[in-house]
Amino acid sequence: MPPATGGGLAESELRPRRGRCGPQAARAAGRDVAAEAVARSPKRPAWGSRRFEAVGWWALLALVTLLSFATRFHRLDEPPHICWDETHFGKMGSYYINRTFFFDVHPPLGKMLIGLAGYLSGYDGTFLFQKPGDKYEHHSYMGMRGFCAFLGSWLVPFAYLTVLDLSKSLSAALLTAALLTFAPHAGLCLQVTVGKHLTARVLCLIVLPLALYTATFAVHFMVLSKSGPGDGFFSSAFQARLSGNNLHNASIPEHLAYGSVITVKNLRMAIGYLHSHRHLYPEGIGARQQQVTTYLHKDYNNLWIIKKHNTNSDPLDPSFPVEFVRHGDIIRLEHKETSRNLHSHYHEAPMTRKHYQVTGYGINGTGDSNDFWRIEVVNRKFGNRIKVLRSRIRFIHLVTGCVLGSSGKVLPKWGWEQLEVTCTPYLKETLNSIWNVEDHINPKLPNISLDVLQPSFPEILLESHMVMIRGNSGLKPKDNEFTSKPWHWPINYQGLRFSGVNDTDFRVYLLGNPVVWWLNLLSIALYLLSGSIIAVAMQRGARLPAEVAGLSQVLLRGGGQVLLGWTLHYFPFFLMGRVLYFHHYFPAMLFSSMLTGILWDTLLRLCAWGLASWPLARGIHVAGILSLLLGTAYSFYLFHPLAYGMVGPLAQDPQSPMAGLRWLDSWDF
């Protein structure tokens, strides 16, 4: 609903007043300003006047919305190739269309909607989305881009209405809308940002969002019903529900026996399978023997043969009876692809100090006593059989007494960025050192169905969140990977190449409008200063004139809320160890722009009130707001090629038309 008056508090307090600073002002200081404004107006506005104001209110909202959509959709079809994060989000959209299960560290709603937009716009899910720069050719991509631009366009009118509600000032809302409209984010690629408006009801704040959040996961799991690249991140029981997975509707031998070909999976989320390959540890990294790691994906190099420690005879020979592996047995694990044994010794692990190195050793299964392991079932008695999938087992190295586990640390490139496997001398039971047998092949044993292992929805939901948390903490910067630091973001220190590198490429560069960014930064500092002064004055019982008291309340309450939003969306990044990018600041930037709108509107009104005796005082507020609006729009005009694309010499070249706009050496457009 539009306000009863065109400017609310803002317009009623703009008029210069005289003689209001004595006892009369003191009596008015504690009153509600809006109520006082009504009391001072003996005549109600005419019906025609109210109608005109309502039409004007809706016209401004329509203008703000139109400008937002126009700036986001302009030249949206360029470039006609993969642009930065489209590599990931487009690929995930394809997974949804093909119903292929995948893993991502973020909740599914945004990616699910991108997939839906692609499906509804004719995209068939067959484009590979391999790397930035790959041309889309005949594939339909505009539906997915357009959907993201559509959602992003609504942020501006929502922020406009939020500031209007907090400040009751059209000029503050318009300034906020301009800052967000003309802050070129290079927002042409597939990204989704969701803004939530705070309400006072617990039902809307907690129950409804939680229900919607849970519902998105229910749809996510229902749609992604086929086996895919994300299987290995999850437990064996989780994988049993995915069609196409070797555990789905499968039947395997129930108890482990000698001669069985198995895969061994770590019970800690997102660690994966015990794995080896023919590559050796490099010089200077323990013994130069075959690498043993954990790997998150299904692979033939995950297969091991379980054998007795003291014989090389083939347990699958029909002339030998079946002999089951039992809790406390001494065994040998032979890597099926390379015929080397799982081995440990007193050499230090490659990345974890005071842990021992684990390698593949021996020739055709023949090694030494460092290949012997005692298999134990957690909380079981000696002699008990070991159940596939359900028994939680540990491997104790017979010579050193250490326990086989994974540190979860990512190995360098020589280890193919797989995870480190160590043998830890610390015997405390942790998920890092507990395993289960997943795949199990033994032609001499009868099979049982695995349908009974499929988990319930709450179990799936809990496991998916544990895996997401684990995956998020594991997003570390790789060698030579471009990243940024949180302190870079408010000062617009460095942008990000979305598309193109050379002067012949179509280049899109992610950089905030420096005028908007630096004005927001200045506004935060001014707010902290002015807000502190006003808060101290009010705490000490200072008698403020009614106009000043009303504007101060807007500044402290409305400005305080959006400052809190900026704080909560920005400072947690300083505590994160994961890889960070410039766009992580954008939710915080939304709040800082709202703060700027409220702050400058309030300060200009206070200036106009303070200079009430000056003939031109009425124009101070209007001139100030217009200057900010025009300055923001002009800076957008200057920097718009970064968002809409540019071809030609790089800005480092003096002949480049963008050379004069490279205000900081760290801007590499």
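**Exercise 1. Describe the disulfide formed by Cys402 and Cys423.**

*Solution.* Step 1: the sulfur atoms of Cys402 and Cys423 lie 1.9 Å apart and form a disulfide, a term for a pair of cysteine sulfur atoms within 2.5 Å. This is a predicted model, in which local features need pLDDT of at least 70 and side-chain atom pairs count only at pLDDT 80 or more, while totals for chains, interfaces and linings use all residues. Residues are numbered from 1 along each chain as its sequence is written, and side-chain values use heavy atoms, with hydrogens and water left out.

Step 1: the link of Cys402 and Cys423 is right-handed, with 95° about the S-S bond. The pair joins distant parts of the chain, 21 residues apart: Cys402 is in the loop between strand S10 (393-397) and strand S11 (403-410), and Cys423 is in strand S12 (residues 419-424). Helices (H or I, at least four residues) and strands (E, at least two) are DSSP runs, numbered from the N terminus.

Step 2: a search of the whole structure finds 1 disulfide. Both Cys402 and Cys423 are buried. Here buried means under 20% relative accessible area, exposed over 50%, and partly exposed in between (1.4 Å probe, protein chains only).

**Exercise 2. Classify Cys148 and Cys607 by accessibility.**

*Solution.* Step 1: Cys148 has a relative accessible area of 6% and is therefore buried. Step 2: Cys607 has 40% relative accessibility, so Cys607 counts as partly exposed.

**Exercise 3. Characterise the surroundings of His275.**

*Solution.* Step 1: His275 lies in strand S3 (residues 273-280). Step 2: His275 counts as buried because its relative accessibility is 3%. Step 3: leaving aside neighbours within four places in sequence, the residues in contact with His275 include Gln291, Tyr295, Asp299, Trp304 and Gln418; contact means heavy atoms within 4.5 Å.

**Exercise 4. Examine helix H5 (residues 86-98) and the residue just after it.**

*Solution.* Step 1: the 13 residues of H5 reach 17 Å from the first C-alpha to the last, close to the 18 Å expected at 1.5 Å a residue. The expected span is 1.5 Å times one less than the number of residues in the helix. Step 2: the buried residues of H5 include Glu86, Phe89, Met92 and Tyr96.

**Exercise 5. Which helices give two or more residues to the lining of the largest cavity?**

*Solution.* Step 1: the search of the whole structure finds 3 cavities of 30 Å³ or more, and the largest has a volume of about 110 Å³. Step 2: 14 residues line the largest cavity, and the closest to its centre are Phe102, Asp104, His106, His220 and Met468. Step 3: the elements that give two or more residues to this lining are helix H9 (202-223) and helix H11 (457-473); H9 gives the most, with 3 residues.

The terms are as follows. On a 1 Å grid over the protein atoms alone, a cavity is a set of points where a 1.4 Å probe fits but cannot get out, and lining residues have an atom within 4 Å of a point. Grid points are joined across faces, edges and corners, and a volume is the space filled by probe spheres set on the points.

**Exercise 6. Where does pLDDT stay under 50?**

*Solution.* Step 1: the chain averages a pLDDT of 83, and 87% of the residues score at least 70; pLDDT is the predictor's confidence in each residue, from 0 to 100. Step 2: pLDDT stays under 50 over residues 187-191, for which the model has 23 contacts beyond four places in sequence. Residues 193-200 also stay under 50, with 6 such contacts. Step 3: where pLDDT is low, the predicted coordinates should not be read in detail.

How values were computed. 1 Å grid on protein atoms, 1.4 Å probe; cavity = no way out; pocket = protein on both sides within 12 Å on 5 of 7 lines; lining within 4 Å.
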